[in-house]
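Here is a friendly walk through one protein model, from its sheet to its side-chain contacts. Please have a look at the sequence and the structure first.

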Amino acid sequence: MLPMHGYQGFRSAPPPSGWVQLRDTWVLWWSGRQIAQVSPAKERGVRVHLDARKMWQTKDVWAASVDQGKRYAERWCAARLYPEMRLRAAVARMVDGSPGEPLPPLPGLPPTPEQLQQARRLAEAGAKELERVKEALAPIRPPKVTKPRAKAPLKAWVREERGEVIPRY
């Protein structure tokens, strides 16, 4: 059985995004597809092939250098891919090499009661351990030094009348 059209096999790495150099050619990737290509030309400078949205919106232009061709390609593609955004923000969003949103987790069975109990116990143990570490890292305060209080002479008389034994210093 032949694979369906567009099948790319199992991917071990995310699709490229931003500018990627392939030998002497620079390729701009966006959303998993190639939208611009800057390659050296024999007759003059570099050739810039632009293919942003639809088949009839392709364009071939010439540039004096690779950097000039890349800047032109960024602006041309950003204007067509993000027409609602300002050009500078659209170029920054399109050229950003970081992957977009993280992939959603694979679907699976709901956790079993044992797994839920284990997760709860791990969370409780982690909280206890965190408290223990916080206590260990807390600065040690010296105990407050208290001055001995002078005994009031009137209280001593009251005690004598009650018959309590008052030690004399």
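The report below takes up confidence, the sheet, ring contacts and salt bridges in turn.

## Model and confidence

This is a predicted model, in which local features need pLDDT of at least 70 and side-chain atom pairs count only at pLDDT 80 or more, while totals for chains, interfaces and linings use all residues. Residues are numbered from 1 along each chain as its sequence is written, and side-chain values use heavy atoms, with hydrogens and water left out.

The pLDDT, the predictor's confidence in each residue from 0 to 100, averages 79 over the protein, and 72% of the residues score at least 70. Helices (H or I, at least four residues) and strands (E, at least two) are DSSP runs, numbered from the N terminus. Confidence is highest in E4, at 92, and lowest in helix H4 (residues 153–162), where the mean is 62.

## The sheet

An open sheet is built from 5 strands in the order E1-E2-E3-E4-E5, with antiparallel pairing. Strand E1 (18–22) and E5 stand at the edges with a single partner strand each, so one side of each has no neighbour in the sheet. Neighbouring strands of this sheet are turned by 20° against each other on average, direction ignored; axes here are lines fitted to C-alpha atoms, for helices over the stretch in contact, and angles run from 0 to 180 degrees between N-to-C directions. In general, strands of a sheet pair through backbone hydrogen bonds, either parallel or antiparallel.

Two strands count as paired if DSSP finds at least two bridges between them. E1 and E2 are joined in the antiparallel sense over 5 bridges, and here glutamine 21 stands opposite tryptophan 26 in E2. E2 is in turn joined to strand E3 (residues 33–40) by 5 bridges, again antiparallel, with valine 27 opposite glutamine 37 in E3. These two strands, E2 and E3, form a hairpin with 2 residues between them, and serine 31 in the turn has a positive phi of about 55°. Between E3 and E4 there are 5 bridges, and the strands run antiparallel; alanine 36 has leucine 50 in E4 as its bridge partner. The hairpin of E3 and E4 has 5 residues between the strands, and glycine 45 takes a positive phi near 45° there.

## Rings and a lysine

How many aromatic pairs does a search of the whole structure find? There is 1 aromatic pair, formed by tryptophan 30 and tyrosine 82 in an edge-to-face arrangement, 6.1 Å centre to centre with 90° between the planes. Tryptophan 30 is in strand E2 (residues 25–30) and tyrosine 82 in the loop between helix H1 (66–81) and helix H2 (87–95), so the pair ties together parts 52 residues apart in sequence. For this term, rings of Phe, Tyr and Trp (its six-membered ring) pair if their centres lie within 6.5 Å; planes under 30 degrees apart count as stacked, over 60 as edge-to-face and the rest as tilted. Tyrosine 82 is buried at 10% relative accessibility, where buried means under 20% relative accessible area, exposed over 50%, and partly exposed in between (1.4 Å probe, protein chains only).

Lysine 70 belongs to helix H1 and is buried, at 15% relative accessibility. Its charged end sits over the ring of tryptophan 26, 3.7 Å from the centre, and also over the ring of tryptophan 19, at 5.4 Å. A charge sits over a ring if NZ of Lys or CZ of Arg is within 6 Å of the ring centre and within 35 degrees of the ring normal.

## Salt bridges

Side chains of opposite charge can pair when their charged atoms come close. With a salt bridge taken as a side-chain nitrogen of Lys or Arg within 4 Å of a carboxyl oxygen of Asp or Glu, the count comes to 3. Arginine 47 and aspartate 60 form one of them, with the closest N and O atoms 3.1 Å apart. This pair links distant parts of the chain, arginine 47 in strand E4 (residues 46–51) and aspartate 60 in strand E5 (residues 58–63), 13 residues apart. Arginine 47 is partly exposed at 30% relative accessibility, as is aspartate 60 at 47%.

Helix H3 (residues 113–137) holds arginine 120 and glutamate 124, 4 residues apart and separated by about one helical turn; their side chains meet in a salt bridge at 3.8 Å, N to O. Glutamate 129 and arginine 132 also lie in helix H3, 3 residues apart, and their salt bridge has its closest N and O atoms 2.5 Å apart. Glutamate 129 is partly exposed, with a relative accessible area of 39%.
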